Amino acid sequence: MTGVEQPAVSPKRWWILAVVAIAQLMVVLDATIVNIALPSAQTDLGFSDGSRQWIVTAYALAFASLLLLGGRIADLFGRKPAFLVGVVGFAAASALGGAANGFTMLVVARALQGAFGALLAPAALSLLNTTFTDARERARAFSVYGAIAGAGGAVGLLLGGVLTDALDWRWTLYVNVAIAVVAFAGGWILLSNHRDAANAKLDVPGTVLVAAGLFTLVYGFSNAETHDWGSPLTWGFLIAGGVLLAAFAWWQTRAAHPLLPLRILLDRDRAASFLAVLITGAGMFGVFLFLTYYLQLNLGFSPTRTGVAFLPMVGALMVTAQLGTTVLLPRIGPKAVIPLGFAIATAGMAWLTGIGVGSHYASAVLPQLIVIGVGLGMVMPPAMQLATGGVAAEDAGVASATVNAMQQVGGSIGTALLNTLAASAATDYLSGRDATSKLVQAQATIQSYTTAFWWSAGFFAAGALIAFLLYRRGVPAQDAEAAPVVHM
């Protein structure tokens, strides 16, 4: 890398990690924290079941479609201002959502959260690029950061449950204001500005193409939840998204200042890491979404107790995140570590399919969650670290945004696929049986959950195979050298 600052010598670097981690936690939390509060919000604001999904989808649509733009803005105009504007905007949108007096106001607020999150997340992650340039310290920082990215969804379920039970659903949004105050103060004091791509220009056609492509792709998969796959609102948007993204890829080969330089995508280990993050995002929803339903509706857990039930998985993920990035990856390389993590997560998801109507958390859920956490901890942080390893400083923000986009699109695809497959499994089970029987209805529900878990296990198994085939043997050069990296 040429002309790269080396602020890693600064004693402030661990405080910077703390600030960046707090900001990222706020963004990751909002993918799930509102989920548990949705029934209360629905009762309060009086919107329909059909409208409910858009409270979640509005955030994902704005976030996924604007991520690459947000990452390039951070590269062009400076990471510190992008970070601070993102934090303030996210807090303001959260306050607007908390004060919502109707469905429309809440959806608009969630979309604004996604838009400012798309500016904040890549700016935060790319700051690690110039803050941690020592390979060992960088691995340690990424283990913390990757653990937050992997476990933040479960923490969101816990915090959402506690706030909804103790206060009100609106506090699942208001809490971001308090988090943002800490992140803004820390960012203002600690961060210095980096404009590594200041001489470049914004790729306006590329921005329009990729934003429209990602929006229509995520929108199409989201429609699969409320329409069938044969609906034009599903396949039409999916085809349009594919065409727009293909046009974007073609334009990037011709643009003078491409939004996503293809050199970022053409490295074999980086491409494998992007796919690993995409697959993990899709499969994790099998854990968070359907297990949340099972714990609350079948085992009778409260929102708070449901969140607490996920904590063992979070703990296991954080421990193996540290082990994977600081011990295993530098010694044996990703070709062994990441497929092994996927294989462990596959086993945990397959084991989780043993749940039943009369199952107990301690025997049918807890051990399986720990195994899944161990597996994901060996996949998420190492893959995120490698996804932007060795990226030039001027590409740091957009590389970080690309990984964010992979996780968001993966999550959207996973949600749509698993919801559709689960609903079909329940319908098939009820066919030819007494649908008025409560026991039959309960068994149909269990069938839908276990179907989703089996498919999630299939995603992870595919991830193990793809990672094994694509990753190079040995330890990547960027782990041995102090090449700047970034991640999400």
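This is a predicted model: local features need pLDDT of at least 70, side-chain atom pairs count only at pLDDT 80 or more; totals for chains, interfaces and linings use all residues.
The buried residues of the helix are T234, L238, G241, F248 and Q252. Viewed down the axis of helix 9, these buried residues fall within an arc of 90°, so they line one face of the helix. Helix 9 spans residues 232-252, 21 residues in total. From its first C-alpha to its last it reaches 29 Å, close to the 30 Å expected at 1.5 Å a residue.

T216 belongs to helix 8 (residues 204-226). Its relative accessible area is 11%, so T216 is buried. Beyond its neighbours within four places in sequence, T216 contacts F237, L238, A240, G241 and L244. A polar atom of the T216 side chain lies 3.4 Å from the backbone nitrogen of G241.

Two salt bridges were found in a search of the whole structure. One joins the side chains of D44 and R170, at 3.3 Å from N to O. D44 lies in helix 2 (residues 33-45) and R170 in the loop between helix 6 (135-166) and helix 7 (171-190), so the pair ties together parts that are 126 residues apart in sequence. D44 is partly exposed, at 43% relative accessibility. R170 is buried, at 19%.

The side chains of D269 and R472 also form a salt bridge, at 3.5 Å from N to O. This pair links distant parts of the chain, 203 residues apart. D269 sits in helix 10 (residues 268-298), and R472 in the loop between helix 18 (438-470) and helix 19 (477-480). D269 is buried, at 4% relative accessibility, whereas R472 is partly exposed, at 36%.

Notes: Residues are numbered from 1 along each chain as its sequence is written. Side-chain values use heavy atoms; hydrogens and water are left out. Helices (H or I, at least four residues) and strands (E, at least two) are DSSP runs, numbered from the N terminus. The expected span of a helix is 1.5 Å times one less than its number of residues. Buried means under 20% relative accessible area, exposed over 50%, partly exposed in between (1.4 Å probe, protein chains only). The arc is that of the directions from the helix axis to the C-beta atoms. A polar contact is a pair of N or O atoms within 3.5 Å; within protein, one must be able to donate a hydrogen and the other to accept it, and residues adjacent in sequence count only if both atoms are side-chain atoms. Contact means heavy atoms within 4.5 Å. A salt bridge is a side-chain nitrogen of Lys or Arg within 4 Å of a carboxyl oxygen of Asp or Glu.
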